[in-house]
Amino acid sequence: MVLPLEFTAPIISPSSPDSPTSPLVLSSPPVPVPPERLSVAAPPELSRAFVTNISSTVTTVTPKTNTAVINITLQEECTSQTSGGCFQNLLEQIENITAQVLPLNTVTNILTVAFNTSEKILESLSSTKPSELASYGNRMLKTSEKLISTLVKPTVTSDNVSFTLATVEGQVFMVGPNVTLNKIPQLDTTNSSVDIDLIGIAKNNNERSAAVAFMSYSTMENLLKPDFFNTSNDTVKTMMSTVISATLPKTNNTKLTKPVNFTFRHIREFDPTSSLSCVYWNISEWIVDGCSVLKTNSSYTVCSCVHLSTFALIMQTSRPPESSQLLELLNLVCVIVGLVFFSLALLTFALCQWSSRVNNVARINICISLLLAHLLFLLTQQFLNIIRPQQVLCAVISGLLHFLFLSGFVWMFIEAVMLFICVKNLSQISSKKREVLSSGFLCVIGYLIALVVVCVSVGLVPEGYGSERCWIKIDKGFIWSFLGPVCVILASNTLLFIKIFISLNSTLKSLNAEVSQMKQTKIMVFKTLAQFVVLGCPWILGFFTNGRKELEILFLILNSQQGTFIFLIYCVLNNEVWQQYKKFFRCLCCIKQH
């Protein structure tokens with residue numbers, strides 16, 4: 001059983017033998033379309049996915065227009081699971097279309113069916129051979145270029161046609177013998193554009209006419225992969241642009257009068273240490289012959305080519321050395337250990353009895369913010385291959401990470417201020433202070449500041465979220481929406497820590513012997529130094545690593561273990577909490593014995 005996809009197309013016949021327009025011939029004579037042929041006996045869900053019925057008559061330059069049916073069929077088994085055979089059969093039917101001119105809606109509907117089918121192939125074939133992918137890609141390019149050429153029709157001056165689909169965009173510009181333009185406008189799609197001297201090409205043709213077809217494919221890189229770019233050095237290849245195609249359909253003399261310039265918008269984060277190559281597709285591989293990079297920045301690259309074909313922009317980066325892989329493993333282990341101690345600290349704060357004079361609100365919220373931030377970041381990196389294609393989800397995750405990390409830093413600043421007041425007064429915060437710094441008031445400060453920064457960032461640069469690793473993009477200095485507040489907080493916390501250290505040192509010297517016995521000096525010194533980590537001061541190391549592995553490892557260990565230091569200072573080394581731990585473990589042992 002087959003499901004028909006019926007498209008009506010005009011057959012243009014001249015009104016007289018002297019008509020300047022040659023007759024266009026289809027493979028079958030023009031026949032009327034009976035009303036019953038416009039309905040397809042298929043389930044609704046299949047009809048929506050695979051069946052398109054269009055009946056229209058398009059008026060062209062010549063007065064006489066007939067209508068014929070282009071009948072494309074999909075086998076029933078192809079609707080549930082698309083195979084390579086189904087795909088090849090569909091493309092063969094499209095290639096067998098002999099109509100020279102088709103209406104725009106017919107072309108777009110056929111393109112939609114073809115690209116939907118190719119996407120289903122990629123979903124159903126998990127381990128397709130590279131040669132098969134290249135073959136599918138070549139067939140799709142041939143089919144697309146054939147269909148877009150049917151949008152070219154005779155014109156006296158100039159004309160253009162454009163369309164935008166989910167997976168492909170296209171523009172066709174035509175000039176005739178009486179064109180009044182000195183230069184055709186730039187042909188633009190969402191992520192690319194082309195500048196071509198079509199007027200000069202038309203002058204080199206006897207008919208004094210020419211046409212250019214420009215297409216941009218958003219999913220073609222899944223077939224024509226960047227790894228098909230063979231180079232002598234072993235590098236990681238990344239597709240930095242959509243795949244584009246430029247042709248001169250129905251133009252006899254296709255020789256270019258001057259090089260063609262293509263502008264590619266980077267669809268992924270640009271690595272300044274990488275190299276960019278303007279490449280074109282040659283049957284089974286990407287090559288650079290005849291193409292070069294004119295100029296580039298972090299967002300765009302302009303390529304110049306002396307021929308037309310299918311083009312793309314590929315970025316090459318050095319493969320990470322083994323030391324980088326060990327660093328990633330160390331990062332994974334350290335973050336997991338940090339998450340465990342964040343959780344233990346939160347359980348201790350929640351279950352143990354604390355003195356009414358102790359205000360743990362800042363420490364609890366540091367643990368909550370950083371626990372959620374590190375956990376979300378860890379999960380994102382582990383499932384990056386799944387998350388990254390979902391651009392909206394990736395942007396939402398990066399915005400949430402921005403908020404969680406910023407709120408963590410704000411809570412570090414609040415903790416530094418409260419600790420400074422505590423040491424300055426040689427006691428816990430007074431009752432009057434506690435009224436001013438109530439838990440509710442601190443929560444508003446701790447989360448509202450971070451929320452305001454993120455909202456302002458989204459309002460000013462909404463496209464700043466969702467980098468290649470689902471973090472903040474570094475383009476246009478947007479990373480400073482995070483680094484700016486962090487730098488201010490780190491500088492403030494470092495100054496406060498120095499003042500706390502000086503004040504505490506002078507206080508310890510002035511204590512009498514009785515107090516000195518109550519507070520062991522070594523423990524006090526350790527707690528003071530550990531506060532340096534709790535307050536986030538080691539994050540300053542991130543500005544000075546510059547690829548130095550020693551500093552990177554130190555930065556990684558210290559900043560992933562903030563939860564560990566909080567647990568040690570406020571739980572393990574707190575005598576009251578330690579006594580409650582002992583009581584809990586004794587009860588646990590008694591229960592096991594009974």
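**View 1. Helix 8 passes helix 12 in a right-handed crossing.** A crossing is right-handed if the near helix is turned clockwise from the far one by less than a right angle, and left-handed if anticlockwise. This is a predicted model, in which local features need pLDDT of at least 70 and side-chain atom pairs count only at pLDDT 80 or more, while totals for chains, interfaces and linings use all residues. Residues are numbered from 1 along each chain as its sequence is written, and side-chain values use heavy atoms, leaving out hydrogens and water. Helix 8 covers residues 361-382, and its axis lies 10 Å from that of helix 12, at an angle of about 35 degrees. Axes here are lines fitted to C-alpha atoms, for helices over the stretch in contact, with angles from 0 to 180 degrees between N-to-C directions. On the helix 8 side, look for Val361, Asn365, Ile368 and Ser369; they meet Ser439, Leu442, Cys443 and Tyr447 of helix 12. Contact means heavy atoms within 4.5 Å. The helix 8 contact with helix 12 has five nonpolar, three polar and no charged residues. For these classes, Ala, Val, Leu, Ile, Met, Phe, Trp, Tyr, Cys and Pro count as nonpolar, Asp, Glu, Lys and Arg as charged, and the others, Gly among them, as polar.

**View 2. Helix 12 runs from residue 439 to 460.** Its 22 residues reach 32 Å from first C-alpha to last, close to the expected 32 Å, a span given by 1.5 Å times one less than the number of residues. Helices (H or I, at least four residues) and strands (E, at least two) are DSSP runs numbered from the N terminus. Leu442, Gly446, Ala450, Val454 and Ser457 are the buried residues of helix 12. Buried means under 20% relative accessible area, exposed over 50%, and partly exposed in between, with a 1.4 Å probe and protein chains only.

**View 3. Helix 10 also packs against helix 12, at an angle of about 140 degrees and with the axes 8 Å apart.** This crossing is right-handed. Helix 10 contributes residues including Gly399, Phe403, Val410 and Ile414, and helix 12 contributes residues including Leu442, Gly446, Ala450 and Val454. By class, the contact of helix 10 with helix 12 holds 15 nonpolar, five polar and no charged residues.

**View 4. Zoom in on Ile414, a residue of helix 10.** With 7% relative accessibility, Ile414 counts as buried. Beyond residues up to four places away in sequence, Ile414 touches Ala362, Leu442, Ile445 and Gly446. Ile366 is 48 residues from Ile414 in sequence, yet their C-alpha atoms are 9.7 Å apart.

**View 5. Trp471 and Phe482 form an edge-to-face aromatic pair.** Their centres are 5.2 Å apart, with 80 degrees between the planes. Rings of Phe, Tyr and Trp (its six-membered ring) pair if their centres lie within 6.5 Å; planes under 30 degrees apart count as stacked, over 60 as edge-to-face and the rest as tilted. Trp471 sits in the loop between helix 12 and helix 13 (480-510), while Phe482 belongs to helix 13. Phe482 is buried at 7% relative accessible area.

**View 6. Asn493 is found in helix 13.** Its relative accessibility is 0%, so Asn493 counts as buried. Asn493 and Cys537 are 44 residues apart along the chain, with 6.8 Å between their C-alpha atoms.
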